[in-house]
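Welcome! Please take a look at the model below, and then we will walk through a few of its features together.

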Amino acid sequence: MSSTPANASSTAKRVRLSRDERHRQLLGVAWRLAREEGTDALTLPRMANESGVTKPVIYDHFGTRNGLLTALYQDFDERQTALIDAAIAASVPTLEGLARVIASSYVECVLAQGREIPGLLAGLAGSPELEAVKREYQLVFIEKCRKVLAPFLGTAGVDPAGFWGMLGAADGLSHAAACGEITVQQAQDELYETIMAMVGRSGR
């Protein structure tokens, strides 16, 4: 006769997630909902129901719906930054090589997240608070590009408008590729040409 108690499974300790692990799980649920139903589905009560946790847990992690959208954008930006940084570090340190890496990795990161990114960005534009968070990350990306491309800029340099134009092109082309309006290669090639043209104007 087995010495294992009959109710061993019921008395086994339940594994509890750490706060960081729970946060990652909740973000995963949020990304799934955004992908399947759009960002309008991202309400905190719905998140609690889909995640199998109580509402206080959701509110503890995000506070408000704006807090949830902000956390999703931060998660996306952190992964995008890591991808671009790794690609730059491994690239050939020429203007052409760096411009190609910036263009390719930016589009690839947006495509990896899928169609939910345009909806998330639209949600971020819905309030001054969220727009400020988005703008902060945009400025960080622009400064990264400025430093990477600095050795190849002419005496005229690049005005802030040039980098904002590059970023606008990056977002527009990436989202068009994500929606299937253009191919990934077309998006990357056009962004590469935009970067090269911007740098070329700096020598005038």
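Is T39 buried or exposed? T39 counts as buried, because its relative accessibility is 13%; buried means under 20% relative accessible area, exposed over 50%, and partly exposed in between (1.4 Å probe, protein chains only).

This is a predicted model, where local features need pLDDT of at least 70, side-chain atom pairs count only at pLDDT 80 or more, and totals for chains, interfaces and linings use all residues. Residues are numbered from 1 along each chain as its sequence is written, and side-chain values use heavy atoms, with hydrogens and water left out.

**Around T39**
- You will find T39 in the loop between α2 (19–37) and α3 (44–51); helices are DSSP runs (H or I, at least four residues), numbered from the N terminus.
- Leaving aside residues up to four places away in sequence, T39 touches A34, R65, E116, G119 and L120, where contact means heavy atoms within 4.5 Å.

**Helix α7**
- In α7 (residues 116–124), the buried residues are E116, I117, L120, L121 and L124.
- These residues lie on the same side of α7, because they cover an arc of only 135 degrees around the axis; the arc is that of the directions from the helix axis to the C-beta atoms.
- Their cover includes α2, α5 (65–90), α6 (95–113), α8 (128–149) and α9 (160–178).

**Cysteines**
- The structure holds zero disulfides, a disulfide being a pair of cysteine sulfur atoms within 2.5 Å.
- C145 is in no disulfide, and its nearest cysteine sulfur, that of C109, is 13 Å away.
- C145 counts as buried, at 2% relative accessibility.
- C179 is in no disulfide either, with the nearest cysteine sulfur, that of C109, 16 Å away.
- C179 counts as partly exposed, because its relative accessibility is 35%.

Note on methods: Helices (H or I, at least four residues) and strands (E, at least two) are DSSP runs, numbered from the N terminus.
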